[in-house]
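This report covers aromatic ring pairs and the charged groups placed over rings. The sequence and structure are shown first.

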Amino acid sequence: MVMDAGIEQHLAAGRHARAFDLVVPAYKDRVFRLAYSILKDRAAAEDATQETLVRVWKALPGFDGRAALGTWIYAITRNTCLMELRRRRPTVSFDDPDSTEAQHAAASVATGPAQDPERDNLLRLLETLPRNQQEAVRLFYLEDRSYDAVAEQLGMPLGTVKNLLHRARKRLMELARPDEVKAA
Amino acid sequence: MNDPTLIGPCADYEHDLVDLHDGALPPERARTVRLHVAQCARCRGWAQAFASVDVQLAADLPRPELAANFDARLQERLAALSQPVVRGDLRTAIDFEHDSLVDTLRRGARRSALLGAIGSATAMACVFVAARGLFREAPGALASLPGGTEPWMMFGVAGVAIAIAGLAWSAARNGLPLPGLAR
């Protein structure tokens with residue numbers, strides 16, 4: 001990325017403040033979108049973006065360039081967001097995104113659509129998916145359907161992202177149109 | 001059962017249909033898939049259902065943006081972090097932390113010393129009183145003690161005296177001294 005090359009030149013020359021001045025406009029929106037896809041709350045995502053950039057500012061002098069700058073910044077963003085999620089709900093297991101939380105939500109929605117069509121909307125159904133699928137879907141559409149952007153920001157291989165998105169949207173089809181669509 | 005989407009797309013084409021929709025399919029493969037879709041009602045129906053979900057998601061998902069004052073807030077935070085540390089303030093902060101730590105340790109040590117002294121004094125007093133009562137009730141027992149009554153009475157009195165002295169010393173020194181931490 002051209003912008004990253006400029007930033008890295010400043011970093012190599014020890015001009016960290018100048019480098020940071022380029023980091024903010026280059027990354028703040030993408031960091032915010034990633035934070036929003038994880039936290040699902042605009043204000044919290046903005047706070048997480050602030051926190052991420054402050055951490056980047058503090059750590060930039062120690063950035064050794066072993067990872068790409070974006071990879072490094074997105075990793076900080078994800079850690080910041082996970083800390084925020086842990087702060088909100090300390091009992092949630094992040095190693096098990098398909099755990100009871102999603103299953104309970106799915107069960108509660110599964111009984112809903114037939115009785116209340118208003119509830120049968122995709123955003124509600126999206127909430128029933130495993131956390132990693134929700135994040136991928138939100139980020140995919142926030143990033144204008146870019147698989148590459150989602151893979152980079154979530155720190156996942158491209159194939160994993162494609163698979164997540166495929167499973168998520170297929171499941172949404174099944175949930176949204178239970179009488180019409182069945183799994184292949 | 002007439003709905004072609006009911007049984008899903010052909011298994012070989014499911015992923016390709018998604019990639020085709022997302023524009024992620026190589027041109028040659030895209031052409032093949034389009035030809036197949038034109039001939040296959042199942043895949044056509046499934047692809048349409050998928051497209052409708054995709055369009056709805058794109059339309060319904062919120063697209064929040066950063067607040068207008070985001071940069072100003074960030075600069076404020078960074079400016080606060082950039083404030084040079086005033087040496088006097090730093091010294092005061094270190095002194096405060098040190099004094100707090102020493103005070104906490106002293107309070108703990110004082111409490112332990114007081115409780116220990118009171119405990120030992122009480123225990124010795126109980127032993128002393130019990131011994132006196134025992135010997136009064138059973139004078140014959142005195143004779144059976146090695147060395148007679150005197151050494152045992154002295155032992156009890158000395159124990160109580162040591163406990164009381166410990167208590168007094170602890171109170172007089174305001175707890176145990178901590179020479180290594182005193183400034």
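Y74(A) counts as buried because its relative accessibility is 0%; buried means under 20% relative accessible area, exposed over 50% and partly exposed in between, with a 1.4 Å probe and protein chains only. Y27(A) is likewise buried, at 1% relative accessibility.

## Basis

The model is predicted: local features need pLDDT of at least 70 and side-chain atom pairs pLDDT 80 or more, while totals for chains, interfaces and linings use all residues. Side-chain values use heavy atoms, without hydrogens and water, residues are numbered from 1 along each chain as its sequence is written, and chains are lettered from A and ligands numbered from 1 in the order in which they are written.

## Aromatic pairs

Rings of Phe, Tyr and Trp (its six-membered ring) pair if their centres lie within 6.5 Å; planes under 30 degrees apart count as stacked, over 60 as edge-to-face and the rest as tilted. Over all chains this gives five aromatic pairs. In one of them, the ring centres of Y27(A) and Y74(A) are 5.9 Å apart and the planes stand at 65 degrees, so the pair is edge-to-face. Y27(A) lies in helix α2 (residues 16-39) of chain A and Y74(A) in helix α4 (residues 69-88) of chain A, so that the pair links parts of the chain 47 residues apart (helices are DSSP runs of H or I, at least four residues, numbered from the N terminus).

F140(A) and Y141(A) are edge-to-face, because their planes are at 80 degrees, with centres 5.2 Å apart. Both residues are buried. Together with Y147(A), they form one aromatic cluster.

## Charges over rings

A charge sits over a ring if NZ of Lys or CZ of Arg is within 6 Å of the ring centre and within 35 degrees of the ring normal. R30(A) places its charged end over the ring of Y27(A), 4.8 Å from the centre. For K162(A), the ring is that of Y147(A), at 5.3 Å from the centre.

Key
Helices (H or I, at least four residues) and strands (E, at least two) are DSSP runs, numbered from the N terminus.
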